[in-house]
Amino acid sequence: MKTTIEIENLKCHGCANTIKKSISAMDDVADVQVNHESSEVIIFYTGQTDRTEEFAQKLKMLGYPRAGENSAGRVVKSYISCAIGRMDSEKTN
């Protein structure tokens with residue numbers, strides 16, 4: 001199955017790296033794509049049960065809530081997630 005979630009606070013490749021790493025680690029996730037232009041996260045997973053809410057909650061915990069659900073605390077959290085994603089990306093390269 002596939003689900004697409006439009007998110008807030010997507011700023012850079014560090015953000016995308018954090019999102020991909022965290023969502024990919026969830027059970028039965030086959031692929032995660034992050035579209036910077038549209039601020040969308042596209043998740044491909046196995047099974048027939050709609051898991052959009054589960055993925056949206058995980059993204060929210062990382063600081064990337066659905067579009068329209070932002071708060072100051074989530075913006076700050078997204079900067080932390082972004083920095084971690086950048087550090088992880090630099091370690092890999």
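Predicted model: local features only at pLDDT ≥ 70, side-chain atom pairs only at ≥ 80, totals over all residues.

User: How many salt bridges does the structure hold?

Analyst: There are 2 salt bridges in the structure. In one of these, the side chains of R51 and E54 meet, with an N to O distance of 2.8 Å. R51 is buried, at a relative accessible area of 12%, whereas E54 is partly exposed, at 39%.

User: Which residue forms a salt bridge with E53, and how far apart are the closest N and O atoms?

Analyst: The partner of E53 is R66, and the closest N and O atoms are 2.9 Å apart. E53 belongs to helix α2 (52-62), while R66 lies in the loop between α2 and α3 (72-92), so the pair ties together parts that are 13 residues apart in sequence. R66 itself counts as partly exposed, with a relative accessibility of 24%.

User: Which residues form a nonpolar patch on the surface?

Analyst: The patch consists of V76, I80, I84 and M87, which together have about 380 Å² of accessible area. Take I84 as an example: I84 is located in helix α3 and has a relative accessible area of 41%, so I84 is classed as partly exposed.

User: Is T3 buried or exposed?

Analyst: T3 counts as buried because its relative accessibility is 6%, under the 20% cut-off. T3 is placed in strand β1, which covers residues 2-6.

User: What does T3 contact beyond its neighbours within four places in sequence?

Analyst: With those neighbours left aside, T3 is in contact with V41, I42, I43, Y45, T52 and F55. With T52 there is a polar contact between the two side chains, at 2.7 Å.

User: Where do N9 and S39 lie?

Analyst: N9 lies in the loop between β1 and α1 (13-24), and S39 in the loop between β2 (29-35) and β3 (40-45). N9 is buried, with a relative accessible area of 13%. S39 likewise counts as buried, at 18% relative accessibility.

Key: Residues numbered from 1 in each chain as written. Heavy atoms only, no water. Salt bridge = Lys/Arg side-chain N within 4 Å of Asp/Glu carboxyl O. Buried < 20%, exposed > 50% of the residue type's maximum accessible area, 1.4 Å probe, protein only. Helix = DSSP H or I, 4+ residues; strand = E, 2+ residues; numbered from the N terminus. Patch = residues over 30% accessible without salt bridge, like charges linked within 9 Å, V, L, I, M, F, W, Y side chains within 5 Å. Areas by Shrake-Rupley, 256 points an atom, 1.4 Å probe, with all protein chains shown as cover. Polar contact = N/O pair within 3.5 Å; in protein donor to acceptor, adjacent residues only side chain to side chain. Contact = heavy atoms within 4.5 Å.
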